[in-house]
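Me: I would like to go through this model with you. Could we begin with the terms and then move on to the fold?
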Amino acid sequence: MDKKYNIQDDVRQSLLDAARTIFSHYGYNKTTVDEIAKAARKGKSTFYYYYKSKEEIFQDVIEKEAQIFKLKLIESISIDGGPVEKIKNYVVTRLGTFKSLVNFYRTLKNEERDYFTFIEQTRTKYDNEQINIVKVILFEGIKDNIIALDDVDLAAESLAEILKGLEYNLMFSTQDISIDEGKIDKILSMVFYGISKK
């Protein structure tokens with residue numbers, strides 16, 4: 001019984017991996033179930049045993065990439081160091097990983113939004129997770145008496161919006177923009193220490 005489920009899990013995973021690759025190359029509209037099945041070295045009937053439709057596997061692909069992204073970000077703040085170092089590591093990881101998850105990136109870029117009801121939920125969940133990750137860092141800084149904040153929610157939401165602006169710059173730029181750590185240092189310095197001389 002366990003062996004059967006392991007085989008089923010392996011087949012489902014191979015279909016999911018193939019779908020991630022095909023969708024990332026051709027987008028949702030130009031990808032066919034036949035191509036996914038062929039890339040996974042399975043028959044079309046095998047595909048339909050595990051998935052009802054192309055939309056269903058696409059949703060699984062987006063959820064998989066969102067999960068990969070979330071785990072990388074959580075790992076990025078698990079380093080030793082203070083809140084500034086953790087947020088810098090988080091920002092570098094977030095911007096560096098973002099474009100490598102092509103399907104997730106496209107859903108946030110609105111390329112597929114018109115086709116699916118789940119995408120807005122994915123975007124909202126993603127935004128909330130980013131705010132919560134920043135809040136973890138800020139609360140740790142308050143606990144360690146490194147940060148003084150009256151409104152952690154507002155600070156986390158504001159920083160998340162700043163980062164979203166950087167993300168959108170990466171998303172919509174026609175040029176290949178590299179992640180400039182010097183620029184990130186300057187932005188974080190303004191966030192943490194302000195722009196006032198007093």
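Reply: A term is needed before the residues are discussed: a residue is partly exposed when its relative accessible area lies between the buried class, under 20%, and the exposed class, over 50%. Please note also that this is a predicted model.

Me: Then is Leu154 buried, partly exposed or exposed?
Reply: Leu154 has a relative accessible area of 48%, and therefore counts as partly exposed. The residue belongs to helix α8.

Me: How far is Leu154 from Lys135, C-alpha to C-alpha?
Reply: The two C-alpha atoms are 9.6 Å apart in space, while Leu154 and Lys135 are 19 residues apart in sequence.

Me: Let us step back to the whole chain. How many helices and strands does the protein have?
Reply: There are nine helices and zero strands. Read from the N terminus, the order of elements is α-α-α-α-α-α-α-α-α.

Me: What percentage of the residues is buried?
Reply: Of the 198 residues in the protein, 39% are buried. The protein exposes about 12,000 Å², and carbon and sulfur atoms supply 49% of that area.

Me: And what share of the contacts joins residues 24 or more positions apart?
Reply: Among contacts with a separation of 6 or more, such residue pairs account for 67%.

Me: Staying with α4, at what angle does it pack against α7?
Reply: Helix α4 (residues 54–76) and helix α7 (residues 118–143) pack at about 5°, and their axes are 11 Å apart. The two helices are roughly parallel, because that class takes in angles under 35 degrees.

Me: Which residues make that contact?
Reply: From α4, the residues are Phe58, Gln59, Ile62, Phe69, Lys70, Leu73 and Ile74; they meet Phe118, Thr122, Tyr126, Glu129, Gln130 and Ile133 of α7. By type, the contact residues divide into eight nonpolar, three polar and two charged.

Me: A change of topic: the loops. What is the phi of Arg41?
Reply: Phi of Arg41 is near 60°, which is a positive value in a residue other than glycine. Arg41 lies in the loop between α2 and α3 (44–50). Its relative accessibility is 78%, so Arg41 counts as exposed.

Me: What about Asn145?
Reply: Asn145 also has a positive phi, near 65°, and is a residue other than glycine. The loop between α7 and α8 holds Asn145. With a relative accessible area of 69%, Asn145 is exposed.

Me: Last one. Where is Glu35, and what does Glu35 touch?
Reply: Glu35 is in helix α2 (residues 33–39). Leaving out residues up to four places away in sequence, Glu35 touches Ile22 and Lys30. Its C-alpha atom is separated by 8.5 Å from that of Ala19, which is 16 residues apart from Glu35 along the chain.

Me: Is Glu35 buried, partly exposed or exposed?
Reply: The relative accessible area of Glu35 is 31%, so Glu35 is partly exposed.

Notes: Residues are numbered from 1 along each chain as its sequence is written. This is a predicted model: local features need pLDDT of at least 70, side-chain atom pairs count only at pLDDT 80 or more; totals for chains, interfaces and linings use all residues. Side-chain values use heavy atoms; hydrogens and water are left out. Axes are lines fitted to C-alpha atoms, for helices over the stretch in contact, and angles run from 0 to 180 degrees between N-to-C directions. Helices (H or I, at least four residues) and strands (E, at least two) are DSSP runs, numbered from the N terminus. Angles under 35 degrees count as roughly parallel, over 145 as roughly antiparallel, 65 to 115 as roughly perpendicular and the rest as oblique. Contact means heavy atoms within 4.5 Å. Ala, Val, Leu, Ile, Met, Phe, Trp, Tyr, Cys and Pro count as nonpolar, Asp, Glu, Lys and Arg as charged, and the others, Gly among them, as polar. Buried means under 20% relative accessible area, exposed over 50%, partly exposed in between (1.4 Å probe, protein chains only). Accessible areas come from the Shrake-Rupley method with a 1.4 Å probe; for residues, only the protein chains shown count as cover.
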